[in-house]
Amino acid sequence: MKGLFFALVLLTVLAVPRPGPAADPCLDCHAQKTPGLVAYWRASAHAVRKVGCIDCHGSDREANHAGRVTVDATVCGGCHKAALTTHRASKHGAGLKAGMGCTRNKAKSDERDKSCSLCHKTGSAQPIVQVACAMFLAQSPAMQRQGCLACHQVEVRCDSCHTRHGTDLSIARSPGVCGVCHMGPDHPQAEMWETSMHGVLYSQGRGTGAPACATCHMHGGSHDVSRGISPDGPPDAARISKERTFMLSICAECHTPGMAARSLADGDTIREQSGKIVAEARAVVEDLQREGLLSPAPSDRPPHPLAGNKFVIGPHMLYEDLSSVESLFFKLKQFYAPTTYKGAFHQNPDYAHWYGNAPMKLTLSEIKSEASLLRQVQALKKRVDNLAAVPGTGGAEVEDMKRRLREIEELRLKGEISAQEYEKMKKQLLDEKGL
Amino acid sequence: MKGLFFALVLLTVLAVPRPGPAADPCLDCHAQKTPGLVAYWRASAHAVRKVGCIDCHGSDREANHAGRVTVDATVCGGCHKAALTTHRASKHGAGLKAGMGCTRNKAKSDERDKSCSLCHKTGSAQPIVQVACAMFLAQSPAMQRQGCLACHQVEVRCDSCHTRHGTDLSIARSPGVCGVCHMGPDHPQAEMWETSMHGVLYSQGRGTGAPACATCHMHGGSHDVSRGISPDGPPDAARISKERTFMLSICAECHTPGMAARSLADGDTIREQSGKIVAEARAVVEDLQREGLLSPAPSDRPPHPLAGNKFVIGPHMLYEDLSSVESLFFKLKQFYAPTTYKGAFHQNPDYAHWYGNAPMKLTLSEIKSEASLLRQVQALKKRVDNLAAVPGTGGAEVEDMKRRLREIEELRLKGEISAQEYEKMKKQLLDEKGL
Amino acid sequence: MKGLFFALVLLTVLAVPRPGPAADPCLDCHAQKTPGLVAYWRASAHAVRKVGCIDCHGSDREANHAGRVTVDATVCGGCHKAALTTHRASKHGAGLKAGMGCTRNKAKSDERDKSCSLCHKTGSAQPIVQVACAMFLAQSPAMQRQGCLACHQVEVRCDSCHTRHGTDLSIARSPGVCGVCHMGPDHPQAEMWETSMHGVLYSQGRGTGAPACATCHMHGGSHDVSRGISPDGPPDAARISKERTFMLSICAECHTPGMAARSLADGDTIREQSGKIVAEARAVVEDLQREGLLSPAPSDRPPHPLAGNKFVIGPHMLYEDLSSVESLFFKLKQFYAPTTYKGAFHQNPDYAHWYGNAPMKLTLSEIKSEASLLRQVQALKKRVDNLAAVPGTGGAEVEDMKRRLREIEELRLKGEISAQEYEKMKKQLLDEKGL
């Protein structure tokens with residue numbers, strides 16, 4: 001039996017189709033225990049091509065049963081070489097390297113963390129990717145697994161989009177699959193496409209093929225989802241122009257080039273305008289920080305996983321332990337600004353305007369208005385400090401308190417109140433004076 | 001005619017199929033006046049089995065035409081006994097008893113309230129269920145009917161899920177029907193399922209049956225929707241373990257038991273973490289209440305339907321007449337916390353994280369930050385009180401006001417201003433002094 | 001060639017079907033360059049009836065290629081006369097006239113604005129509609145085009161609902177097409193219908209035709225979408241009653257008249273209640289404005305496009321440069337109130353209650369609570385002013401500052417600090433005193 005396993009492993013490495021599922025040592029049992037999973041596989045191209053359980057899962061039965069085996073992208077890429085190469089060339093493939101992963105700087109934890117395999121080969125401490133996302137690090141391991149990593153593992157997990165045991169490509173190509181991650185407050189691309197005219201035509205299923213996600217972002221079946229969109233990183237006019245030309249060639253299948261170009265140029269303008277509003281809001285928050293008006297102050301917060309007690313407002317900004325004004329800023333830069341310009345690029349007026357632009361501008365107003373209130377209170381505090389510092393006036397406030405402190409101290413000395421009662425009354429008095 | 005009616009009523013009570021719709025006294029007219037409704041019925045299993053109008057609606061034509069007849073669950077349960085029994089064993093069946101209803105403590109209203117029939121047999125003052133939900137009581141009768149009760153009548157109304165005159169079970173089993181109530185800010189289960197990989201596979205309609213609501217929550221067609229989920233009420237380890245084992249047996253149709261168990265265990269952890277954040281936020285609000293910093297104070301609010309002018313923050317907390325900080329807390333505990341852990345249990349990273357966890361933590365920040373601001377203002381007030389109380393200093397403020405009050409009183413006495421003008425100037429002066 | 005163009009233009013004016021697409025001078029090239037568009041057209045009723053490119057686009061090839069030609073409703077109305085007439089009779093047709101447009105009062109802009117054609121015939125300065133919506137005017141031209149006008153051009157653009165080159169009416173009748181505009185925070189009709197029992201039955205596609213948008217709002221195929229709903233403008237009992245009777249006749253196809261009438265009457269009540277909450281919130285904001293407590297004050301804001309620096313809270317209220325309390329009010333009146341009553345009219349308990357009523361009332365609470373805080377701070381300011389104004393007390397604050405100003409002035413005179421350093425220290429001192 002061990003010899004058979006060894007032979008199968010060798011065959012896997014050589015990527016030669018297996019003799020046949022009949023020989024598979026897992027099937028008999030799993031057809032009873034996990035029938036749905038086996039049925040998916042039986043109906044798959046893998047079954048037809050005789051790619052069986054251990055071709056992907058390996059032959060270590062115990063490790064598999066203990067949940068220690070992960071079928072990652074390198075396993076799939078053994079056969080699907082072009083898909084893996086183009087995937088890795090895209091933003092999807094650079095996910096963890098680009099700072100979208102999370103566990104690199106994580107403190108050791110008692111809890112065994114399944115996500116190790118995202119950055120390390122099993123049994124190795126050598127990282128295979130560079131990751132440093134503070135936002136992930138601030139979450140519990142359970143939330144990291146069910147929240148962050150369920151999407152941000154896309155670099156190393158083909159089953160982010162493909163079903164695990166079936167091979168029906170219509171599922172991987174369906175906009176719903178993209179939407180599992182590309183939805184929600186931070187980037188509602190699924191919703192904005194679905195409710196745009198493109199999405200409506202697609203749902204109606206008529207005509208000559210209305211565009212879904214893959215039509216524009218995986219053109220010709222490529223796994224490089226970054227084609228046709230403005231590249232991240234430092235501005236690169238040649239690259240930007242090349243990608244735009246590529247995207248317009250897709251639009252041209254249905255639209256005149258001028259119409260499409262004008263629409264995307266509006267998207268560019270709206271992205272730039274949104275960026276300015278984010279910068280304006282950020283400057284307000286930074287000013288408040290300099291003026292010591294954020295409460296809690298960064299120095300009074302639980303330490304930031306990467307920056308400790310420093311003030312953080314850039315990409316590593318957390319969404320916990322913030323002041324109100326930072327909470328507003330977080331929503332503006334993380335939710336409303338991207339929704340505004342992505343809504344424009346996806347031709348959805350409601351997302352560009354009502355889900356994006358309107359709350360973005362309302363939130364900017366709220367940030368400024370809150371800043372104004374904080375400054376008014378601060379100015380009042382200074383004036384009261386000044387009044388209280390003038391001898392014979394506010395100073396009297398302090399004298400009055402001293403007199404009352406003496407009174408309760410006397411009570412304690414006389415034994416009329418206990419030491420505990422004294423401390424309580426003293427605290428009460430200080431509270432009452434706002435000290 | 002009356003004899004025929006009586007005979008038909010008797011037959012209904014005996015639950016024996018009617019001789020045939022041909023004899024139905026309603027059909028001729030309703031086929032003209034409400035054709036859609038009659039068409040639904042004609043295509044139904046009821047029509048085939050000769051269950052006609054008066055079998056469900058009774059034979060009191062006038063009461064029916066006046067809208068006084070409700071076909072409630074006991075009518076359907078006359079034939080569908082097993083469905084009613086399992087329904088009643090579930091949370092759905094215990095809805096009103098469990099405090100999810102609303103009208104019990106309702107003040108008498110001039111408006112005749114159709115919802116009486118939810119708690120009373122027609123013509124009886126004896127309640128058939130125990131209901132006590134303050135949140136419902138605070139709403140207008142129209143909002144109770146169109147908002148609260150449209151869903152919370154599920155205990156007594158089979159047409160909450162089943163169509164009224166059709167019997168097509170594919171509708172009652174469709175996830176959309178569950179979603180009519182299980183959606184929205186308080187518990188977006190429909191949305192989180194639909195945009196999870198489970199929902200996407202279901203929409204694509206491929207493979208071996210991706211799970212919809214009923215797959216897991218009405219397994220085998222049972223109407224006991226509470227199977228497999230953590231029971232409400234005091235912790236009961238044996239029951240919790242039994243229900244989890246049941247749910248995992250459903251997961252096992254497609255997933256390995258370890259994988260499914262780890263996923264649901266993460267859900268447990270995330271629910272516990274969310275509960276702690278709710279408790280932390282609640283403690284801040286309760287502290288502010290003790291410090292008298294909620295504005296409006298509970299004593300200054302319109303009376304709570306159950307608690308009068310007492311402070312209420314538990315399950316009977318209303319969402320009206322609150323202070324800002326309570327409004328934030330309401331959203332945290334009612335919207336964001338359940339969305340976080342229900343998102344995890346439904347394997348939806350965007351709901352667990354971006355619709356749940358992120359706003360939950362942002363809102364906790366906002367609550368604390370608002371509390372800090374309220375305390376700063378309060379401390380300032382105390383210091384100004386102290387300054388004003390020192391003779392010859394703030395006392396002068398009062399003296400200054402008295403002097404100016406005397407001046408305008410003099411003008412009034414001299415007849416240079418009218419009594420009305422005097423009152424207006426006096427008010428202005430007090431306002432100006434902030435008194 | 002010019003002669004052929006001229007002849008074709010003449011034929012267009014006469015609305016006589018063209019000799020045949022074979023003669024169309026655009027097709028050869030566009031079949032290569034924009035194949036999707038041509039394929040749509042070839043499959044259309046227009047192609048069958050030999051209505052070709054220049055029948056709608058005209059024969060000015062250069063103008064078309066330069067994007068200067070717009071196919072507006074008058075072009076379509078040349079043939080589709082009844083549709084245009086009923087469209088114009090409805091709210092859709094009155095869109096720009098009713099103040100839903102935007103560009104009339106727009107300052108001249110360097111950027112050539114494509115939206116000119118909405119109000120002017122090409123080459124004419126004479127407005128063809130009266131438009132005056134401040135909310136549009138405050139947005140950038142790019143946001144106007146991609147946000148506002150993408151929907152608000154419905155008056156003059158049939159392709160708001162109909163596809164441009166196809167004529168498949170099932171698309172124009174699909175609820176998704178209505179939803180492209182009738183969705184989102186301001187009026188989520190698409191979402192509330194889709195997740196109501198009506199929408200669920202429609203999605204399941206069973207029975208005798210569950211109602212979608214067009215069933216009730218374009219009954220019998222009419223383009224007058226305003227039939228059956230409460231008319232805008234001054235109350236008109238006769239008209240209201242007539243429209244309600246019409247709508248109930250549609251409901252009666254499936255529902256008893258009493259049931260439908262009670263449901264819509266609840267909608268009326270809920271609309272009235274929502275209006276009162278808007279009015280209550282508005283009064284709070286107006287009071288704050290009178291008390292000078294809005295920050296920024298209207299006088300300190302960038303000028304409103306129509307009202308300059310006047311305070312604006314009605315239909316022309318902007319969503320930018322507001323104080324926090326106005327931002328809250330904007331959301332209440334523009335998002336939550338309409339969602340509440342429209343949710344009731346569309347029989348969606350979650351929209352009526354959780355997306356509408358609950359945030360509407362929570363926001364009212366927040367507005368009042370914020371107003372209370374602003375007044376507390378204001379009252380404190382007045383008291384501190386009074387304390388500071390009393391000779392020998394707060395006056396000492398001013399004296400203290402004067403003394404310190406003299407000190408630094410002396411340093412400057414002695415040359416110990418530069419003029420620049422002096423200004424900086426002076427500013428610092430004033431800031432410290434909160435002046």
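This is a predicted model: local features need pLDDT of at least 70, side-chain atom pairs count only at pLDDT 80 or more; totals for chains, interfaces and linings use all residues.
1. Of the 435 residues in chain A, buried residues make up 40%. Among the contacts in chain A with a separation of 6 or more, 61% are between residues 24 or more positions apart.

2. A pair of helices inside chain A can be looked at next. Helix 17 of chain A covers residues 237-251 and helix 18 of chain A covers residues 257-290, and the two pack at an angle of about 130 degrees, with their axes 9 Å apart. Angles from 65 to 115 degrees count as roughly perpendicular and those over 145 as roughly antiparallel, and helix 17 and helix 18 of chain A are therefore oblique to each other. The crossing of these two helices of chain A is right-handed.

3. Which residues bring helix 17 and helix 18 of chain A into contact? From helix 17 of chain A come A:Arg244, A:Met247, A:Leu248 and A:Cys251, and they meet A:Pro257, A:Ala260, A:Ala261 and A:Leu264 in helix 18 of chain A. Sorted by class, the contact of helix 17 with helix 18 of chain A holds seven nonpolar residues, no polar residues and one charged residue.

4. The contact between chain A and chain B takes 54 residues from chain A and 49 residues from chain B. On the side of chain A that touches chain B, at least two residues each are supplied by helix 3 (35-42), helix 11 (141-152), helix 12 (169-173), helix 13 (175-179), helix 19 (324-345), helix 20 (349-389) and helix 21 (395-413) of chain A. The largest share of this side, eight residues, comes from helix 11 of chain A. By class, the residues of the side of chain A that touches chain B divide into 24 nonpolar, 19 polar and eleven charged.

5. How are chain C and chain B related to each other? A rotation of 120 degrees, with 0.1 Å of shift along its axis, superposes chain C on chain B with an RMSD of 0.2 Å, and that is the relation of a three-fold axis. Only 10% of the interface residues of chain C are also interface residues in chain B, so the copies meet through different surfaces.

6. The crossing of helix 20 of chain A and helix 20 of chain C is left-handed.

7. On the chain A side, the contact between these helices is made by A:Gln376, A:Val377, A:Leu380, A:Arg383, A:Val384 and A:Leu387 of helix 20, and on the chain C side by C:Val377, C:Leu380, C:Lys381, C:Val384, C:Leu387 and C:Ala388 of helix 20. The residues of the contact of helix 20 of chain A with helix 20 of chain C divide into nine nonpolar, one polar and two charged.

8. Some backbone details deserve a careful look. A cis peptide bond joins B:Ser295 and B:Pro296, with omega at about 10 degrees, and B:Pro296 lies in the loop between helix 18 (257-290) and helix 19 (324-345) of chain B. In chain C, the peptide bond from C:Ser295 to C:Pro296 is cis, with omega near 10 degrees, and C:Pro296 is placed in the loop between helix 18 and helix 19 (324-345) of chain C.

9. B:Asp321, although it is not a glycine, has a positive phi of about 60 degrees, and B:Asp321 is in the loop between helix 18 and helix 19 of chain B. Is B:Asp321 buried or partly exposed? A residue is buried if 20 or more other C-beta atoms lie within 10 Å of its own, and B:Asp321, with 19 C-beta neighbours inside 10 Å, counts as partly exposed. C:Asp321, which is not a glycine, has a positive phi of about 55 degrees, is found in the loop between helix 18 and helix 19 of chain C, and is partly exposed, with 19 other C-beta atoms within 10 Å.

Note on methods
Residues are numbered from 1 along each chain as its sequence is written. Chains are lettered from A and ligands numbered from 1 in the order in which they are written. Axes are lines fitted to C-alpha atoms, for helices over the stretch in contact, and angles run from 0 to 180 degrees between N-to-C directions. Helices (H or I, at least four residues) and strands (E, at least two) are DSSP runs, numbered from the N terminus. Angles under 35 degrees count as roughly parallel, over 145 as roughly antiparallel, 65 to 115 as roughly perpendicular and the rest as oblique. A crossing is left-handed if the near helix is turned anticlockwise from the far one by less than a right angle, and right-handed if clockwise. Two residues are in contact if their C-beta atoms, placed from the backbone, lie within 7 Å. Ala, Val, Leu, Ile, Met, Phe, Trp, Tyr, Cys and Pro count as nonpolar, Asp, Glu, Lys and Arg as charged, and the others, Gly among them, as polar. A residue is buried if 20 or more other C-beta atoms lie within 10 Å of its own, exposed if 12 or fewer, and partly exposed in between; C-beta atoms are placed from the backbone. Copies are superposed by least squares on the C-alpha atoms of residues with pLDDT of at least 70 in both.
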